[in-house]
Amino acid sequence: MRERQLTDREPAPETLLDRLASRTARVGVVGLGYVGLPVSVTFADAGFRVVGVDPDRARVQAIEEGHSYLRDVPDDRVAGARRAGRLRATTSYRRLASADAILVCVPTPLADGIPDLSAIEAAGRSLAKVLAPGTLVILESTTYPGTTEEVLRPLLEASGLRAGEDFLLAFSPERIDPGNPHFGFQEIPKVVGGLTPESTRAAELLYGQVVPKVVTVSGPRQAEMAKLLENIFRHVNIALVNELATYAEDMGVDIWEAIDAAATKPFGYMPFHPGPGWGGHCIPLDPAYLSWRVRRDRAHEVKFVELAHQVNAEMPRHVVERVGYLLNESGKAIRGSRILGIGVAYKAGSEDLRGSPGLKILSMLARRGAEVAYHDPLVSRAHVAGREMRSQPLTAARLRGVDVAIPFVAQHGVDWDLVAREAPLVFDACNALGRRGGHIHRL
């Protein structure tokens with residue numbers, strides 16, 4: 001990176017690396033959602049001065065008032081960082097003009113199966129207006145290999161500054177797992193790939209202040225691919241056990257017992273478990289980014305990824321069919337049946353509804369004429385089949401009054417003993433109850 005020539009009388013100025021190492025650097029975070037807020041409070045807790053930027057005024061106001069809107073980030077962490085003067089939030093990019101490092105943590109959804117990079121593009125255009133020489137910019141948003149160099153770099157260079165010469169640029173994939181009490185941002189190693197060796201070194205030094213280990217790779221594309229590889233691995237293996245689960249019942253096999261038995265092998269096997277479908281931002285979407293890129297560039301399919309997508313996408317329909325069969329065995333039809341879904345977040349321990357398979361299944365059942373309701377201690381409201389619903393209290397009387405209860409995820413705070421004891425029929429799509437009796441059927 002270019003540096004000004006000094007005269008003999010001038011003291012050497014403090015460098016970016018010096019500020020990163022001493023934690024006096026100012027850190028900007030673009031996007032204050034499931035990734036950006038945990039990242040912001042972690043750097044603030046470590047002593048950095050952090051400014052978060054988000055277009056959502058409600059999020060900004062909450063942070064400024066010392067409140068959190070995410071279960072994984074307690075109010076006291078936000079309030080403590082605010083009181084210490086180490087965390088601010090704003091809707092304006094102008095506050096990032098004095099930042100030493102800027103982390104871009106914006107969403108990257110799919111739009112009709114095509115990667116939607118509009119949030120990255122908007123962030124890049126806005127940052128170009130305030131980007132100062134010597135700044136380190138790191139993209140954390142999950143995307144396909146090439147995005148940092150082909151999409152974000154030219155947008156930032158519209159500032160007139162050159163990446164690798166006037167500012168530093170790197171990619172470091174987010175690895176946050178919402179609802180995981182054991183691995184927060186500060187417990188998970190970071191992968192870093194910079195546009196230049198200097199970019200990599202600066203990003204490594206920054207993250208090294210807050211995580212246990214930083215793994216460097218040769219460039220942004222390798223880091224972008226590493227994130228996709230992590231989730232494609234899970235995607236394909238979940239699809240494998242989901243497909244086996246759809247046939248196990250007909251073969252008289254308890255798939256959960258078989259998985260537990262296989263998991264006793266101390267090498268060469270890792271257990272994955274079937275479920276009612278996929279949800280969240282990573283598993284349903286990330287593999288599609290690679291598939292799209294390969295189709296665009298080579299007109300080929302990534303066959304394992306495409307097949308896994310087909311299998312996982314069909315699981316909600318399979319659950320509906322199994323529920324219909326069980327009701328039929330009881331002399332009832334889906335139409336008119338009272339069905340209670342339990343745990344509608346996409347995963348246990350989280351309030352996140354993105355891509356929730358439980359909500360998809362309840363909507364499918366409602367469209368078939370069922371009277372549906374749900375209980376989730378962490379989700380007070382949700383939309384099912386186009387209308388808003390509230391979480392219903394879980395009582396013995398309510399459970400006795402349903403025709404079937406369906407646990408979708410083993411949500412925290414649910415009285416599973418009550419469900420097993422009082423519900424007349426249960427289709428357990430996540431093995432929340434285990435083997436408890438003849439009225440409980442497992443996926």
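**Surface, cores and a buried arginine**

Tyr247, Met251 and Val253 make a nonpolar surface patch of about 330 Å². Patch members have over 30% relative accessible area and no salt bridge, with nonpolar side chains joined within 5 Å and like charges within 9 Å; a salt bridge is a side-chain nitrogen of Lys or Arg within 4 Å of a carboxyl oxygen of Asp or Glu. Areas come from the Shrake-Rupley method with a 1.4 Å probe. The model is a predicted one, so local features need pLDDT of at least 70 and side-chain atom pairs pLDDT 80 or more, while totals for chains, interfaces and linings use all residues. Residues are numbered from 1 along each chain, and side-chain values use heavy atoms, with hydrogens and water left out.

Val253 sits in the loop between helix 8 (220–248) and helix 9 (255–262). Helices (H or I, at least four residues) and strands (E, at least two) are DSSP runs, numbered from the N terminus. Val253 counts as partly exposed because its relative accessibility is 36%; buried means under 20%, exposed over 50%, and partly exposed in between.

Now for the inside. The largest nonpolar core has 41 residues, and Phe43, Leu103, Leu206 and Tyr207 have the most contacts inside it. Apart from it lies another core, of 36 residues, with Val51, Val151, Leu155 and Val294 among them. Such a core is a set of buried Ala, Val, Leu, Ile, Met, Phe, Trp, Tyr and Cys residues joined through side-chain atoms within 4.5 Å. Leaving aside neighbours within four places in sequence, Tyr207 touches several residues, including Phe43, Leu103, Ile138 and Phe185; contact means heavy atoms within 4.5 Å.

Helix 5 (residues 118–128) has buried residues too, including Ile120, Ala123 and Leu127. Their cover includes strand 1 (26–30), strand 4 (101–104), strand 7 (136–139) and helix 6 (147–157).

Arg293, in helix 10 (residues 286–298), is buried because its relative accessible area is 11%. Beyond its neighbours within four places in sequence, Arg293 is in contact with Tyr144, Pro145, Gly146, Glu150 and Arg221. A polar atom of the Arg293 side chain lies 2.8 Å from the backbone oxygen of Pro145, and a polar contact of 3.2 Å joins the side chains of Arg293 and Glu150. A polar contact is a pair of N or O atoms within 3.5 Å; within protein, one must be able to donate a hydrogen and the other to accept it, and residues adjacent in sequence count only if both atoms are side-chain atoms.

Conventions: Buried means under 20% relative accessible area, exposed over 50%, partly exposed in between (1.4 Å probe, protein chains only).
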